[in-house]
Amino acid sequence: MEKKFQVFVSSTFTDLQEERQAAVSSILNAGHIPAGMELFKAGDESQKETIKRWIEESDIYMLILGGRYGTVDNDLGKSYTHWEYEYAGELGKPRFSIVIEENALEEKARIIGSHVMERENYPQYKKFREEVLSKISKFFSDLKDIKITVLESLKEYERDSSLAGWISGKDIENHKKILKENHDLLFEVTKLRKENEVLNEKLKIKNEIDGFSYEEVINYLQETEIRIPDDFPLQNVAGESMSLLSLLLTYKELLLIGIENISNMTKGRKFIFFKVAPKLMVFNLVEKVKVTGKTYQRLQLSKTGIKFITIYETRKDIE
């Protein structure tokens, strides 16, 4: 017979509202009962007792851990989220955690602000994250991951005979219907996972730069510094260092047309031709083009270079 569980959802609040909503929706869709911090006010001793009672009455404890440690209670010496996690452990409640991927956290901070990352109590946050990851936990990078993890985890707990839960009279009458709904949910989870894998593979292929990932290429361009000659025509940058990415974006129109190593090249063109272009060839962003009937060579953006700039500009517009 299908059991319903009360699931206590714990997390920091302001930075994980969408993630909590995704988890709560999945718990409800799976036919279970969510409970959590929306009902309480931090810092009120009577509310702490209420939270303890709700955790005690819940069948399962679920933690969503983002990039923040949360408000630290002076009496507890730790954040409320950390306290809830440990209290559930003391009670022997089944606990499972969903922890944000570091790359996803950095992207979240870039989009909505650095407040989603812990600053004041980072050592405590790091220790808490390590503690959580040493127990049953999975990573997430988007809301779909949370939904899938919640559904899969609850299905596993439903097979645990040691968890009582509760069964309503209506559920007993509609047992066959519930079984079908659960089967449909499992089918939907499998379908979502396959769709996610296909989309990720397509995106990976689409963003490949001559066999390398876009991230590998842009990291190389950002980390590679080139010193500008002291006699460079543009005095505001002469003698300074610029990243290879900045130089590529600054001179992309010139490279698109092409630079020829003719005898009367300007100092600026010589710098781009002999110092910048060779480093761009590492990822085939620039290519040599033979000029018919001429002894000189031309360096210009390759199709790979144009693709990289297109992806960069597209992502910049989205940001």
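**Reading labels in a predicted model**

Tutor: In this predicted model, L234 sits in the loop that runs between β8 (225-227) and β9 (241-243).

Student: Why is L234 called partly exposed?

Tutor: Its relative accessible area is 44%, and because the label covers values between 20% and 50%, L234 counts as partly exposed.

Student: What makes the pair K267 and D231 a salt bridge?

Tutor: The N to O distance between the side chains of K267 and D231 is 3.5 Å, and the cut-off is 4 Å, so the pair qualifies as a salt bridge. K267 belongs to helix α12 while D231 lies in the loop between β8 and β9, so this contact ties together parts that are 36 residues apart in sequence.

Student: Why is K267 called exposed, and what is D231 called?

Tutor: Exposed requires over 50%; K267 has 51% relative accessibility and therefore counts as exposed, whereas D231, with a relative accessible area of 44%, is partly exposed.

Student: How do you know that the length of helix α6 agrees with its number of residues?

Tutor: Helix α6 (residues 143-158) has 16 residues and, at 1.5 Å a residue, should span 22 Å; the C-alpha atoms at its ends are 23 Å apart, which agrees.

Student: What caps the N-terminal end of α6?

Tutor: The cap is D142, which has a side-chain oxygen 3.2 Å from the backbone nitrogen of K144.

Student: What makes the phi of N284 worth a remark?

Tutor: Most residues other than glycine have a negative phi. N284 is not a glycine, yet has a positive phi of about 60°, and its place is in the loop between α12 (267-280) and β11 (286-290).

Definitions and conventions. Residues numbered from 1 in each chain as written. Predicted model: local features only at pLDDT ≥ 70, side-chain atom pairs only at ≥ 80, totals over all residues. Heavy atoms only, no water. Helix = DSSP H or I, 4+ residues; strand = E, 2+ residues; numbered from the N terminus. Expected span 1.5 Å × (residues − 1). Polar contact = N/O pair within 3.5 Å; in protein donor to acceptor, adjacent residues only side chain to side chain. Buried < 20%, exposed > 50% of the residue type's maximum accessible area, 1.4 Å probe, protein only.
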